[in-house]
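Hello,

Here is the structure I promised to pass on to you. Have a look at it first, and then read my notes below.

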Amino acid sequence: MKPVRYLRGSFPLLPFALALISGAASAVDYAPGRPVEVHEGARLDYALKCKGCHGLSGQGTPGHVPRLDGFVGLFTHLPEGREYLVRVPGVARSVLDDERLTAVLNWVLATYGRDTVAPGFAPYTVEEVAAARRRPLEDRKGLRERMLAELRTRGLLAPDDDGIGESPEQRG
Ligand code: HEC
């Protein structure tokens with residue numbers, strides 16, 4: 001089991017890996033070479049509570065739900081992004097308790113954030129998640145649009161990419 005192999009070329013994720021290895025959610029959950037059917041810890045919680053919308057590969061549901069893979073980490077570059085990822089309804093209103101939700105969020109960033117997580121971004125703490133999830137987001141769509149616009153201005157996101165795309169029906 002060599003979780004560090006996941007960090008190939010993504011130095012900014014090192015703090016994540018270290019925190020995950022020492023913390024409740026273990027990086028070995030998704031170590032290369034393990035059979036994909038093995039779900040435990042944060043990966044299992046993700047599979048049960050998030051996968052239905054975001055997909056097991058973090059690919060999302062085109063036209064409806066944003067992909068997390070290669071996308072979710074972009075929000076960590078923005079001051080409002082850190083809290084946004086906790087306060088978005090699918091996360092904040094999850095039935096998972098604060099501890100497990102924190103583990104899932106850190107697992108999501110370590111797994112799907114890949115090299116898009118901002119350098120120096122520290123993993124979420126349980127206290128932080130507990131507080132943020134209890135403050136509902138107002139105008140979440142507007143906030144998301146503003147953040148995506150800022151990411152485009154910074155050259156981190158392509159002009160036509162909103163992470164959601166179009167469903168096959170919408171494309172016609
Ligand atoms: C019922 C479908 C659904 C479920 C279940 C769900 N989400 Fe989401 N998620 C969404 C949608 C839709 C958005 C886009 C923002 C919005 O409109 O709320 C989103 C946004 C997000 C975001 C912010 C990224 C972005 O591009 O806006 C994160 C992070 C996230 N979800 C993680 C999770 C996690 C972790 C779980 C499981 C605990 C989860 N979601 C469960 C539908 C879902």
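What share of the 172 residues in the protein is buried? Buried residues make up 32% of them, where buried means that 20 or more other C-beta atoms, placed from the backbone, lie within 10 Å of the residue's own.

Please keep in mind that this is a predicted model, in which local features need pLDDT of at least 70, side-chain atom pairs count only at pLDDT 80 or more, and totals for chains, interfaces and linings use all residues. Residues are numbered from 1 along each chain as its sequence is written.

The protein has 9 helices and 0 strands; these are DSSP runs, numbered from the N terminus (helices: H or I, at least four residues; strands: E, at least two). Among contacts with a separation of 6 or more, 68% join residues 24 or more positions apart. A contact means that two C-beta atoms, placed from the backbone, lie within 7 Å.

Now to the ligand. There are 19 residues around the ligand, and Cys50, Cys53, Pro66, Gly90 and Ser94 come nearest (a residue is near if its C-beta atom, placed from the backbone, lies within 6 Å). Helix 3 (51-54), helix 5 (89-92), helix 6 (98-112) and helix 8 (140-153) each give two or more residues to this shell.

Finally, a word on confidence. The mean pLDDT (the predictor's confidence in each residue, from 0 to 100) is 86, and 79% of the residues reach 70 or more. Over residues 1-11 the pLDDT is below 50, and this stretch has 16 contacts beyond near neighbours in sequence.

Enjoy exploring!

Notes
A residue is buried if 20 or more other C-beta atoms lie within 10 Å of its own, exposed if 12 or fewer, and partly exposed in between; C-beta atoms are placed from the backbone.
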